[in-house]
Amino acid sequence: MIFRRSRIVLALLALGLGQLSGQRVIFAQQPAQQPNIQEVEKKIEQLEKELNELKKQLSAASQLPQQAVPGPSVEAQVETRVAEEKGEQIKQSNSLNFYGFAMLDSGYNFGSINPDWSDTERPTQLPSSTGQYGPNGSTFWGVRQTRFGVKSSTDTPLGQLKTIFEFELFGTGVDAGQTTFRLRHAWGELGHFGAGQTWSPFMDIDVFPNSLEYWGPNGMVFFRNVQVRWTPIQGDSNVVIALERPGASADGGIYTDRIALQDIRPQFKWPDLSGHVRIARSWGYVQVGAIVRKIAWVDQNGDVFNFSGTAIGWGVNTSSNIKFTKNDTGRFSVVYGEGIQNYMNDAPVDVGVKNNFSNPISPVKGVALPVLGVVAFLDHNWSDRFSTAAGYSMVNIDNSNAMARNAYHQGHYALVNVLYHPVKQVTMGGEFQFGRRVNFTDGFNYNDYKMQFSFRYDWSKGFEW
């Protein structure tokens, strides 16, 4: 087809040139006549137009084989452009954020408490007998809540990579009472999988009220643990499953000083299995968490007795935030289980001792202690600058029959505050706190009252590229 078109074009071109040549011959054969120059010029101009048109047609015909090869469709070009734009967004969504706050806690305790915990309201640290921690009445000052953290976020072909490293100055454990570095989070997460130290899936950090007091409600599950986790469903509504570092504590009760119990050692062969399901709606959310764990101990003493044993710890934690109004949020949780005290915010040992006199080889045995925890708080915003938090929390332990008479049985916690925010990054205010400890069977209980005044200055600096 292209070959035939080329022959036609060439023939027309030759015909046009022949006509032009014939005209010129006629002019030469009639020297006596005056040539009509305008007509000749008009004819030449017409032929040149025809020649240019033919050239265009010839050029178009020569490109037909290239057009026979299909190029990218409009849809494909649009998809390519969208992909390029997405690539630019991925590149621009990388972020690094430094944040933290400096905080002063001060106040007056009308009662007494373990000096290492003077700037908290922990019922487990209140006296278990008269005068245990000295006379009532003391002031406290400290900056131990001060915090520093770094967060990063990077989009990758396998999903979003998130990391967090955060610490504070609130010493615990062997550093209790000290102003020293304490790790809070060391966590990495890629897509649906994460590993490191962060909040246990069994807990719900959103139950924590907007309080000044550091330790928080004693009846809530509160534990940052080393873990690996899988989040098959992400978002406001989510599902999380984790394997966590095991651990537990025990109380020898009235037999604590017996030599036969001195060589008992804990044994943890399996990680704790925990998880939760959260369903979020416009009015708030409901979350149900669960945990199961094996606690074991081995008697390494070679005498005639055998105090080795195991216990299964388990728990169910139901929690919720309810937005009653635009300015009112209720925070609630109820947890019940056995042998999960180390996951609680303020509870004693996981395993207690129970008399078992019918067995002469194991006259006492360890049992997982049942625990009930309740939290009910309301956060209210009076305005953009003023807010109040108020509520109550409780822990109840079902003690085993061989525990000491002054063992911790029940704790109560309550507070109310008024907070002022002169600017968004600054919080200052006062808070009234109440704590109560109830012993197991000796009839002793203790009420504590405290006023706290705090000043907090937040800061953050972010980078994106």
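**How the labels are reached**

User: What makes E17 largely enclosed by the rest of the structure?

Analyst: Nine of the twelve residues of E17 are buried, so the strand is largely enclosed by the rest of the structure. Buried means under 20% relative accessible area, whereas exposed means over 50% and partly exposed lies in between, with a 1.4 Å probe and protein chains only. Strands (E, at least two residues) and helices (H or I, at least four) are DSSP runs, numbered from the N terminus. This is a predicted model, in which local features need pLDDT of at least 70 and side-chain atom pairs count only at pLDDT 80 or more, while totals for chains, interfaces and linings use all residues. Residues are numbered from 1 along each chain as its sequence is written, and side-chain values use heavy atoms, with hydrogens and water left out.

User: How do you know that E17 pairs with E16 and with E18?

Analyst: Two strands pair if DSSP finds at least two bridges between them. Eleven bridges join E16 to E17, and these strands run antiparallel; one of the pairs sets Phe-377 against Gly-391 in E17, and a hairpin of four residues connects E16 to E17. E17 and E18 are also antiparallel, with nine bridges, and Ala-390 stands opposite Val-416 in E18.

User: What is meant by a nonpolar core, and which residues touch the most other members of the largest one?

Analyst: A nonpolar core is a set of buried Ala, Val, Leu, Ile, Met, Phe, Trp, Tyr and Cys residues joined through side-chain atoms within 4.5 Å. The largest has 25 residues, of which Phe-202 and Val-221 touch the most other members. Strand E16 (370–381), strand E17 (386–397) and strand E18 (408–420) each supply at least two residues of this core. Apart from it lies another core of six residues, including Tyr-255, Leu-261, Val-353 and Val-364.

User: Why is Ser-211 called buried?

Analyst: Ser-211 has a relative accessible area of 15%, and because buried means under 20%, Ser-211 counts as buried. Ser-211 is found in the loop between strand E6 (193–199) and strand E7 (224–233), and touches Leu-415, Asn-417 and Glu-431, not counting residues up to four places away in sequence; a contact here means heavy atoms within 4.5 Å.

User: Why does Gly-284 count as buried?

Analyst: The relative accessibility of Gly-284 is 8%, so this residue counts as buried. Gly-284 is found in strand E11 (residues 284–299). Gly-284 and Thr-329 are 45 residues apart in sequence, and their C-alpha atoms are 8.8 Å apart in space.

User: How do you know that Asp-328 has no salt bridge?

Analyst: A salt bridge is a side-chain nitrogen of Lys or Arg within 4 Å of a carboxyl oxygen of Asp or Glu, where Lys and Arg count as positive and Asp and Glu as negative, while His and the chain ends are not counted. For the buried Asp-328, the nearest side chain of opposite charge, Lys-326, is 10 Å away, and because the limit is 4 Å, no salt bridge is assigned to Asp-328. The place of Asp-328 is in strand E13 (residues 328–338).
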